[in-house]
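Visitor: I would like to learn how to read a structure of this kind, one feature at a time. Could you take me through it, giving the general idea and then the case at hand?

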Amino acid sequence: MKKFISLALAGAMALSLAACGATGTSEPAANNGAASTPAASAPAASDGAATGTLNIGGIGPLTGGVAVYGLATKQGAEIAVEEINALGGLQLELDFKDDTGVAETAVNAYNTLKDSADVIYGCTTTDPCINVANETFNDRFFQLTPSASSTAVTEGRDNVFQMCFTDPNQGASAADYVKNNALGENIGIIYNNADAYSTGLRDAFVARAAEIGLNVVAEQAFPDDNTPDFTAQINALAAANVDLLFMPIYYTPAYNIVNAAQAQGFNPKYFGCDGMDGILDIDGMNPELVEGLMLMTPFNASATDAATTSFVEKYQAAYGSLPNQFAADGYDAMWALYDAANAAGIDADNMSHEDICEALIATFTSGDFSVDGLTGSGMTWSAKGEISKDPVAVRIENGVYVTM
Amino acid sequence: MQFLSNLIGGVSLGSVYALIALGYTMVYGIARMLNFAHGDVIMVGAYIVFFTFCSGGMHPLLAILIAMAACTLLGVTIERVAYRPLREAPSLAVLITAIGVSYLLQNGALLLWSANPRAFTSVVSVSPISLFGGQLTIPGNTVINVAVCLVIMVGLTLFVNHTTPGHAMQAVSEDRGAAQLMGINVNATISLTFAIGSALAAVAGALLCSSYPMLQPTTGAMPGIKAFTAAVFGGIGSIPGALLGGILLGVIENLSKAYISTQVSDAIVFLVLIVILLIKPTGLLGKRRVVKV
């Protein structure tokens with residue numbers, strides 16, 4: 001019987017280890033060879049508008065656990081494609097394949113798409129995106145991801161560009177934002193130490209905080225987004241007199257944390273990142289718990305500017321739900337492709353995908369190319385493919401986002 | 001004061017582990033099998049309470065009773081379909097089947113209720129107790145969790161020791177073949193065990209999510225594994241052992257988070273378990289059984 005129990009225990013440990021492994025998205029240092037510099041010979045931006053039909057191969061999860069993100073990037077893009085095609089001129093044709101959030105499936109989807117596509121739009125999530133980016137780099141396809149935020153996506157590949165903030169970029173911006181708006185004196189941090197997204201943001205925040213003199217007084221970690229209990233962490237944060245808690249985590253553990261903090265009589269200000277987006281959509285949530293919570297998100301569906309209201313109206317009419325930031329990133333990505341194709345004077349019907357790739361790389365990195373969209377205005381890209389845009393923070397007031 | 005507060009947090013977490021561990025230990029003690037799906041039955045129970053109480057607006061006690069009935073049905077069905085045909089199979093086969101059932105329940109819940117998390121409204125409406133002029137607060141949930149644990153432990157002990165079905169369970173636990181020869185319906189007894197264990201799972205689910213409100217299809221998995229550890233820690237098969245093991249595990253976990261590191265608290269918990277098993281292989285309150293061949 002003793003043997004049996006130890007066997008069963010070993011099984012239990014293996015299970016718990018497997019559970020840890022599933023949450024920690026380890027990124028392979030994918031870099032096969034030095035990055036080639038942007039082709040200098042590519043046609044520079046001309047005033048000649050683009051012509052023909054640009055075939056866009058889209059990849060993202062339409063089914064499976066992260067389908068909500070993939071569907072949003074697809075649907076947001078479709079709204080933009082419809083608007084663009086109504087203008088006449090260059091036509092966009094989006095063929096979107098399901099990758100279920102799995103790297104192998106994404107590469108298969110890419111292999112199906114590459115016969116017909118001129119450019120690749122995707123993937124939605126980081127791991128599949130890195131794997132597809134390896135292929136597009138070798139095959140010379142221009143690739144724009146709406147939402148894969150790790151630096152490993154673009155590193156060493158001149159052809160891959162991001163529409164979203166990178167994780168380090170967002171962490172540093174968050175520190176700047178807290179400092180510039182004097183949101184807190186004693187900063188506490190709670191993060192998931194088994195998750196690349198969370199630790200990436202935390203590292204960048206801490207590094208930036210040291211540079212600009214933000215006072216980080218306490219740091220607490222948890223190992224798993226399914227962790228239910230945060231009593232010890234909250235006691236430690238409360239003991240350090242934290243008045244602003246930085247939470248570079250997803251909204252599921254965040255809700256458990258604010259709930260436990262309230263039960264223990266600890267009421268700091270909360271500041272989250274884009275992973276916090278969605279906390280208002282939890283079925284049955286208590287809005288009082290998150291009243292006043294701030295988060296950095298590039299898109300606020302309840303903003304009142306004309307571009308946002310028009311997008312939200314069209315999106316609701318077409319899909320019956322409010323668009324999130326992924327949908328907005330998808331929408332902006334299509335417009336960015338369209339603007340760049342026009343600036344580069346792409347003749348989509350007669351140019352090869354290699355030529356289109358070089359032309360678009362030259363345009364995106366040219367410095368005078370910028371895009372105004374839902375997630376930012378005057379957005380530009382570095383040679384590394386990372387976007388530069390102003391961070392926007394919102395505060396939850398009476399159960400809706402209010403831009404700060 | 002902070003130490004006391006951490007201690008109480010540990011007891012609170014531990015009482016949830018203990019509630020789950022009672023179900024594990026009950027089934028193990030009598031059916032001699034590890035029901036790894038127990039954590040997922042808890043999740044199902046929590047979802048049923050969510051739909052009847054949190055969004056359905058029923059009285060919490062009625063909601064819990066409905067969940068208990070549903071989980072009992074689920075537990076008995078699982079036993080009938082997945083475990084009974086393997087009664088004579090090697091224990092490893094049963095173990096693997098149990099893990100399979102666990103995944104089946106998780107993925108079934110994903111299909112049925114989607115991966116979107118839900119926020120559970122606490123079924124407990126006891127206001128927190130404030131001590132030392134507000135320096136120390138004991139959440140209402142903690143009080144209820146510990147009380148429910150004690151009541152269930154005492155109830156189970158009385159049931160097993162002083163009722164006819166309880167005696168039948170003990171007999172089945174000691175020697176299945178001999179029990180059958182004495183006219184005990186072994187299958188019915190094991191079914192009854194699963195029924196009780198699963199009904200407890202529904203209660204555990206409601207209390208787990210009342211303390212920690214995020215409910216997802218994977219909610220039961222990690223507490224399930226921890227509770228299994230707690231059951232082994234206290235001596236698997238022993239009802240008071242499950243309570244002791246659960247509370248101790250919660251306290252160790254919370255204190256190591258508070259005073260050693262939040263990053264390795266799980267590793268410390270398992271390390272303590274290994275040490276205990278090396279010193280006392282049957283767990284804290286476990287009985288040594290001599291298996292005659």
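Guide: Let us start with an inventory, keeping in mind that this is a predicted model. Chain A contains 11 helices and 15 strands, and of its 404 residues 53% are buried.

Visitor: What share of the contacts in chain A between residues at least 6 apart in sequence join residues at least 24 apart?

Guide: That share is 72%, counted among the contacts in chain A whose partners are at least 6 apart in sequence.

Visitor: How should I think about the nonpolar cores, and which residues have the most contacts inside the largest one?

Guide: The general idea is that in soluble globular proteins nonpolar side chains tend to be buried together. In this model the largest nonpolar core has 144 residues, and Leu19(B) and Ala46(B) are those with the most contacts inside it. Helix 1 of chain B, spanning residues 2-31, gives the most to this core, contributing 16 residues.

Visitor: Which residues does Ala46(B) contact, leaving aside its neighbours within four places in sequence?

Guide: With those neighbours left aside, Ala46(B) is in contact with Phe120(B), Gly205(B), Ala206(B), Leu208(B), Cys209(B), Leu215(B) and Thr219(B).

Visitor: Now for a pair of helices: at what angle do helix 10 and helix 11 of chain B pack?

Guide: For such a pair one reads the angle, the distance between axes and the residues that meet. Helix 10 (residues 239-259) and helix 11 (residues 265-279) of chain B pack at about 135°, with their axes 9 Å apart. Because angles over 145 degrees would count as roughly antiparallel and 65 to 115 as roughly perpendicular, helix 10 and helix 11 of chain B are oblique to each other. The crossing of helix 10 of chain B past helix 11 of chain B is right-handed. On the helix 10 side, Leu249(B), Ile252(B), Glu253(B), Ser256(B) and Lys257(B) meet Ser265(B), Ile268(B), Val269(B) and Val272(B) of helix 11. By class, the residues of this contact are 5 nonpolar, 2 polar and 2 charged.

Visitor: Finally, how many residues of chain A are in contact with chain B?

Guide: There are 40 residues of chain A in contact with 45 residues of chain B. On the side of chain A that touches chain B, helix 1 (2-23), strand 7 (216-222), helix 7 (231-239) and helix 8 (251-263) of chain A each supply at least two residues, and helix 1 of chain A gives the most, with 11 residues. That side of chain A has 20 nonpolar, 16 polar and 4 charged residues.

How values were computed:
Residues are numbered from 1 along each chain as its sequence is written. Chains are lettered from A and ligands numbered from 1 in the order in which they are written. This is a predicted model: local features need pLDDT of at least 70, side-chain atom pairs count only at pLDDT 80 or more; totals for chains, interfaces and linings use all residues. A nonpolar core is a set of buried Ala, Val, Leu, Ile, Met, Phe, Trp, Tyr and Cys residues joined through C-beta atoms within 7 Å. A residue is buried if 20 or more other C-beta atoms lie within 10 Å of its own, exposed if 12 or fewer, and partly exposed in between; C-beta atoms are placed from the backbone. Helices (H or I, at least four residues) and strands (E, at least two) are DSSP runs, numbered from the N terminus. Two residues are in contact if their C-beta atoms, placed from the backbone, lie within 7 Å. Axes are lines fitted to C-alpha atoms, for helices over the stretch in contact, and angles run from 0 to 180 degrees between N-to-C directions. Angles under 35 degrees count as roughly parallel, over 145 as roughly antiparallel, 65 to 115 as roughly perpendicular and the rest as oblique. A crossing is left-handed if the near helix is turned anticlockwise from the far one by less than a right angle, and right-handed if clockwise. Ala, Val, Leu, Ile, Met, Phe, Trp, Tyr, Cys and Pro count as nonpolar, Asp, Glu, Lys and Arg as charged, and the others, Gly among them, as polar.
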